[in-house]
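Please read the points below alongside the sequence and the structure. They concern two residues and the overall make-up of the protein.

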Amino acid sequence: MIASVEHGFCFLHIPKCGGSSVYDQLGGIDTFGGSFRGSTDKVPGGVQQKAHLPLADIREHFPDVFEQIRPLEKIALIRDPESRFLSAFSQRAREVHGLNMDEMSDTAIRDDYYTIVAHLTERPRLPAYPFRHFIRQVEFTHIDGERVVEHLVPIERLPDLLDYLSERIGVPLERAFHSNKTVAFRHRALKGPLLRVKDRVKKHAPLGVYNRLKEAGLRVFTNQGVAPRARTILEEAGFPAFVAQHYAADQELRALAQTHNTLKVASHAH
């Protein structure tokens, strides 16, 4: 979550919904000074990531913060549940196993899928930290069954959202900026050196320059999205049926986001 009381809005950062592309550009206006980065042990059930903390948990465990964001206009990016699940699986593979999905064996992919399903079945509302990217999207948009987020923006309309926020804060944001994409390196030996170069450029170059260089590098050295082999294994293991059941409310949320365009962007015509 990142909020600006001055500009009257709060961005709910749903994991694996393109939110980093917004979050990474708004740090300078955050009312809370970045305090909702990092982790917290205030939530029962173990450490949680503050950036991806659902609204009900903010209300319960950070009541002062909740009272500040309660009257603000709330915005969230929404994603198709299947593609989001695959992206979450890919990020978990990198963080927990230190591998891209295309580097995992068939058995490892299948076993980790069953581990994820078992955990989400046991803890459906707020999974443990290693499974945090699988939290349902409705946990960030609803409280007590009622939707409290005014702007539900499909991830495909991310550039429009960045235009909208640019107008709100009076600072141009990079509408072509895409952070944290799911990719597979074509030559695994280059993975380490390329990531080190990326981090160095990100640290020292202006955001626009960094983004253009990164996008060029992704086109040359990676294939974007989940590797076809990995997706086939997950499909055989039953992931579409699990997603349809576990994320049924998210699918309804996605449909609502696609049909309700509440963003009004005056200064850009595309």
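**Notes on the model**

1. Lys74 sits in strand β5, residues 73–78. Strands (E, at least two residues) and helices (H or I, at least four) are DSSP runs numbered from the N terminus. The model is predicted: local features need pLDDT of at least 70, side-chain atom pairs count only at pLDDT 80 or more, and totals for chains, interfaces and linings use all residues. Numbering runs from 1 along each chain as its sequence is written, and side-chain values use heavy atoms, without hydrogens and water.

2. Lys74 is buried but has no salt bridge. Buried means under 20% relative accessible area (1.4 Å probe, protein chains only); a salt bridge needs a side-chain nitrogen of Lys or Arg within 4 Å of a carboxyl oxygen of Asp or Glu. The nearest side chain of opposite charge is Glu150, 5.1 Å away.

3. What does the side chain of Lys74 reach at 3.1 Å? It is the backbone oxygen of Leu72. Beyond neighbours within four places in sequence, the contacts of Lys74 (heavy atoms within 4.5 Å) are Cys10, Leu12, Ile69, Val148, Val149, Glu150 and His151.

4. His7 is placed in the loop between β1 (2–4) and β2 (9–12). His7 counts as buried because its relative accessibility is 18%. With residues up to four places away in sequence left out, His7 touches Ile29, Arg168 and Ile169.

5. Overall, the protein has 12 helices and 10 strands. Of its 270 residues, 48% are buried. Among contacts between residues at least 6 apart in sequence, 75% join residues at least 24 apart.

Conventions: Buried means under 20% relative accessible area, exposed over 50%, partly exposed in between (1.4 Å probe, protein chains only). Lys and Arg count as positive and Asp and Glu as negative; His and the chain ends are not counted. A polar contact is a pair of N or O atoms within 3.5 Å; within protein, one must be able to donate a hydrogen and the other to accept it, and residues adjacent in sequence count only if both atoms are side-chain atoms.
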